[in-house]
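Reader: Could we go through the helix packing in this model together?

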Amino acid sequence: MADQSYCHRLQHDMYFLTSTSRLNEQVVDKIILQLNRVYPQILTNEEAEKFRNPKASLHTRLSDLLKHLQKKGDRHCQEFYRALQINAEQLFNDLPSRKILKTPDPTEIDTDKEQYMLNDRGPVFFLACFSVAAGLALFWYCCNSDTKVVARARRILGFSPIIIGRHVRNICMLYLEDISRE
């Protein structure tokens, strides 16, 4: 798809562009005027008036414009894409042909989908897992009969007034002293 011409891309994007409420009247008029005023001129004055005719429906005018540009050639289709990018950048980025161009390798991982797949559990799941891990670590250190562990824990807690509050540190120190007496 990356090596296809702008005419083929426009044919591929035609349904997307002409579907309801993708492009409004003002944006289509801006694109037509830009195609009429750009050098070299893509649309003549008569063609621009024809495609800006308010008596015809927007869908009909847009379909006719896209078919007309495809008949004129690749340069005309390229200028249409440039005008679309300038006047409706979000729509331009959402085009099916743009999405195919962004991920040419079908085996490549779509990072947007992967990000949602990894983060779909939310912060509560993270806190629950962290709490279980912290609880298991505390249980392992407290239930170990080795006195060196209690002494190491007392040293760590003694030097950590910045990490945890003083009241919490004092309670932990009292608890460790009670454990070491037993």
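Author: To begin with a definition, axes are lines fitted to C-alpha atoms, for helices over the stretch in contact, and angles run from 0 to 180 degrees between N-to-C directions. Helices are DSSP runs (H or I, at least four residues), numbered from the N terminus. The model is predicted, with local features needing pLDDT of at least 70 and side-chain atom pairs pLDDT 80 or more, while totals for chains, interfaces and linings use all residues. Residues are numbered from 1 along each chain as its sequence is written, and side-chain values use heavy atoms, leaving out hydrogens and water.

Reader: At what angle do helix 2 and helix 4 cross?

Author: Helix 2 and helix 4 cross at roughly 30°, and their axes come within 11 Å. That makes helix 2 roughly parallel to helix 4 (angles under 35 degrees).

Reader: Which residues make the contact?

Author: Glu25, Val28, Asp29, Ile32 and Leu35 of helix 2 meet Leu58, Arg61, Leu62, Leu65 and Leu69 of helix 4, contact being heavy atoms within 4.5 Å.

Reader: Which residues of helix 4 are buried?

Author: Buried, meaning under 20% relative accessible area with a 1.4 Å probe and protein chains only, are Arg61, Leu62, Ser63, Leu65, Leu66, His68 and Leu69. These buried residues pack against helix 1 (6-18), helix 2 (25-37), helix 3 (45-51) and helix 5 (74-87).

Reader: What follows helix 4?

Author: Gly73 follows helix 4, and its phi is positive, near 130°.

Reader: Changing topic, how far apart are the axes of helix 1 and helix 5?

Author: The axes of helix 1 and helix 5 are 9 Å apart, and the two helices pack at an angle of about 45°.

Note on methods: Buried < 20%, exposed > 50% of the residue type's maximum accessible area, 1.4 Å probe, protein only. Parallel < 35°, antiparallel > 145°, perpendicular 65-115°, else oblique.
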